[in-house]
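Hello,

Here is the structure for your records. My notes follow below it.

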Amino acid sequence: MNFLSAENLAKSFGERVLFDGISLGLNRGDKMAMVAANGAGKTSILRILAGKDSPDEGKVALRKGIRLGFLEQDPVMDTDVTVSEYVKSVGSDVLGVIREYKEALEGQMSNHSPETEKALVLASAKMDHLHAWDYERRMIQILDRFNITNLEQKINTLSGGQKKRLALSLLLLDSPDLLLLDEPTNHLDINMIEWLEKYLQQANITFLMVTHDRYFLDRVCNRILEISDAKLFLHLGNYSYFLEKKSQREAAETTEIEKAGKLMKSELEWMRRMPKARTTKSKSRIDAFYETKDKANSGKKTSELKLDIKMNRMGGKILELRKISKSYPGIKILENFSYSFLRGERIGIIGQNGVGKSSFLNLITGNDIPDSGSIDSGETIVFGFYKQDGIILDNDKRVIDVVKDIAEVIMLNEGKSLTASQFLQHFMFPPEMQYSYVSKLSGGERRRLYLLTVLIKNPNFLILDEPTNDLDIITLNKIEEFLSGFGGCLILATHDRYFLDKLVDHIFVFEGDGKISDFTGSYSEYRLWKEAQTEVDKPAAVIQKSTETTGVKANPPEKRKHSFKEKQEYEKLEKEIGSLEKEKSDLEKILNSGENDYSKLQEMATRIAEIISLLDEKELRWIELDEISG
């Protein structure tokens with residue numbers, strides 16, 4: 001069943017064309033993600049589909065009776081009411097139906113008649129339609145899940161992250177038929193993200209979302225909608241499948257362009273001979289020449305984020321924290337914490353929202369002071385601090401002037417240098433964008449510009465607080481390349497599990513109440529170890545780092561042998577994984593064979609998505625069992 005369709009959508013801002021002639025459809029059960037570079041118009045498309053904005057051209061049709069819910073990237077809730085009052089106002093339709101049902105039930109019990117029975121049947125149908133039977137229980141459960149616990153707090157005192165989590169909670173509570181989600185994982189901690197993953201995997205949920213979280217994309221989606229060069233490409237499958245097909249498509253395009261280039265050279269020689277006889281045949285050849293020329297010149301001119309910035313020299317002393325304690329009213333951040341940072345350390349920071357991760361970073365950088373203890377950094381240390389809440393950029397300034405205010409020339413390694421304009425191009429700000437005003441930039445482009453202003457100062461100790469928010473996947477891949485080769489120290493506080501797995505050596509786990517554990521390994525290794533610990537009923541405290549030990553990292557406990565039951569499960573999983581891999585491969589061959597029966601393609605794509613989900617689940621369990629036995 002088709003829920004929503006859009007035909008020939010176009011949108012421009014001044015001379016900047018975001019998209020033109022885009023058409024798409026969403027059917028029941030579609031779990032679709034939209035992937036594109038920052039500034040390509042992803043948020044604009046979502047707003048148009050949600051009815052919050054109008055296209056310059058084209059139309060959107062929502063099937064009658066379908067309830068649509070929209071999560072904006074930055075929800076606006078500047079109102080002087082409490083969270084409790086706001087929840088009741090947003091859910092007024094549902095609460096009204098609940099009241100109507102209670103009244104109909106009381107009426108039917110006190111005066112049983114055809115009229116009261118009919119009223120009760122109608123009220124029950126409305127309860128079904130709005131999923132209102134357990135509304136109050138779900139409300140408390142979901143608000144608690146997203147750490148919205150103070151219901152008497154005024155809405156206008158909430159942070160941007162709290163507003164986003166409240167908006168997401170109320171959207172899920174409303175249970176619409178179709179969800180439009182703009183960066184739903186922003187401002188969520190990892191536990192919240194993993195819960196949301198499982199929620200969206202339910203078969204009865206249909207959505208279109210924009211997100212940069214690659215694990216999230218891979219585990220939740222069965223359709224990827226790619227916007228590239230103002231064109232739309234639909235890929236049936238999850239994010240890994242999309243990457244594979246995108247690579248194949250671009251390779252084919254490159255081959256076609258190379259062939260066109262060779263043909264153009266031979267045709268150019270003919271054109272230069274200036275044929276005198278302008279017959280119909282020669283005119284046709286001239287027209288074909290210009291078509292070939294356009295094809296040969298259609299290769300993408302993509303900017304690369306290749307950064308080799310000159311890093312300030314690091315001395316022997318890096319950073320020492322000695323018996324640091326810090327508390328705020330109602331929350332303890334650190335208690336008697338000590339740690340000596342070593343040259344080149346790469347530390348990830350995880351923990352629930354509100355446990356003090358950002359506060360810890362502010363202490364390290366001197367933006368806050370501890371209640372007790374001392375923080376001592378080496379004389380050669382230059383911090384580069386990317387803050388979660390960003391900086392205020394002057395909307396009336398041009399992009400290039402933001403950079404020139406910091407440095408006209410940027411020094412690179414080996415004595416090389418770049419002008420401010422060249423440096424911006426490395427950050428995928430082409431010349432035409434450099435003279436645009438900051439006010440014209442998208443949220444992701446602002447973030448990218450802010451990160452540039454951090455790196456331009458040649459830091460040797462980078463501290464990044466939620467750097468992945470609002471950045472597109474292309475930018476994230478390039479930043480990962482730079483950070484992988486960065487020779488200084490790195491502290492990375494992020495909810496992006498892929499980012500953590502790729503870039504850090506060990507993890508500080510903020511457990512709350514001032515406790516910090518230090519785990520050696522990536523996030524996925526930590527997650528598997530933690531699950532194994534829960535399974536064998538061992539306390540998580542065994543990984544806790546002594547707060548009085550400096551620079552000593554705890555390692556996971558010794559491996560144990562499989563039980564008989566686990567050995568059987570392990571062998572069975574190997575066979576099941578092999579069988580599923582073969583079925584997936586066979587289905588992909590059929591999908592790529594030119595089969596044109598759309599309904600069969602849909603069935604196969606749905607089955608591939610199911611297989612991928614099963615493989616994720618079974619491979620995770622296989623890895624757990626493999627880890628146990630070593």
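How many bridges join strand E10 to E11? The model is a predicted one, and in it seven bridges link E10 (residues 319-328) with E11, the two strands running antiparallel. Within this pairing, Leu319 stands opposite Phe341 of E11.

Both strands belong to an open sheet of three strands, ordered E11-E10-E13 with antiparallel pairing. Its edge strands are E11 (331-341) and E13 (372-377), each of which pairs on one side only. On average, neighbouring strands of the sheet are turned by 20° against each other, direction ignored. As background, strands of a sheet pair through backbone hydrogen bonds, either parallel or antiparallel.

Next, helix H1 (residues 42-49). Six of its eight residues are buried, so H1 is largely enclosed by the rest of the structure. The buried residues are Lys42, Ser44, Ile45, Leu46, Ile48 and Leu49.

Last, a helix pair. Helix H5 (residues 135-145) packs with helix H6 (residues 160-174) at an angle of about 150°, and their axes lie 10 Å apart. Angles over 145 degrees count as roughly antiparallel, and H5 and H6 are therefore roughly antiparallel to each other. Their crossing is right-handed. On the H5 side the contact is made by Tyr135, Arg138, Met139, Ile142 and Leu143, and on the H6 side by Leu166, Ser169, Leu172 and Leu173. By type, the residues of this contact divide into seven nonpolar, one polar and one charged.

Regards

Conventions
Residues are numbered from 1 along each chain as its sequence is written. This is a predicted model: local features need pLDDT of at least 70, side-chain atom pairs count only at pLDDT 80 or more; totals for chains, interfaces and linings use all residues. Side-chain values use heavy atoms; hydrogens and water are left out. Two strands pair if DSSP finds at least two bridges between them. Helices (H or I, at least four residues) and strands (E, at least two) are DSSP runs, numbered from the N terminus. Axes are lines fitted to C-alpha atoms, for helices over the stretch in contact, and angles run from 0 to 180 degrees between N-to-C directions. Buried means under 20% relative accessible area, exposed over 50%, partly exposed in between (1.4 Å probe, protein chains only). Angles under 35 degrees count as roughly parallel, over 145 as roughly antiparallel, 65 to 115 as roughly perpendicular and the rest as oblique. A crossing is left-handed if the near helix is turned anticlockwise from the far one by less than a right angle, and right-handed if clockwise. Contact means heavy atoms within 4.5 Å. Ala, Val, Leu, Ile, Met, Phe, Trp, Tyr, Cys and Pro count as nonpolar, Asp, Glu, Lys and Arg as charged, and the others, Gly among them, as polar.
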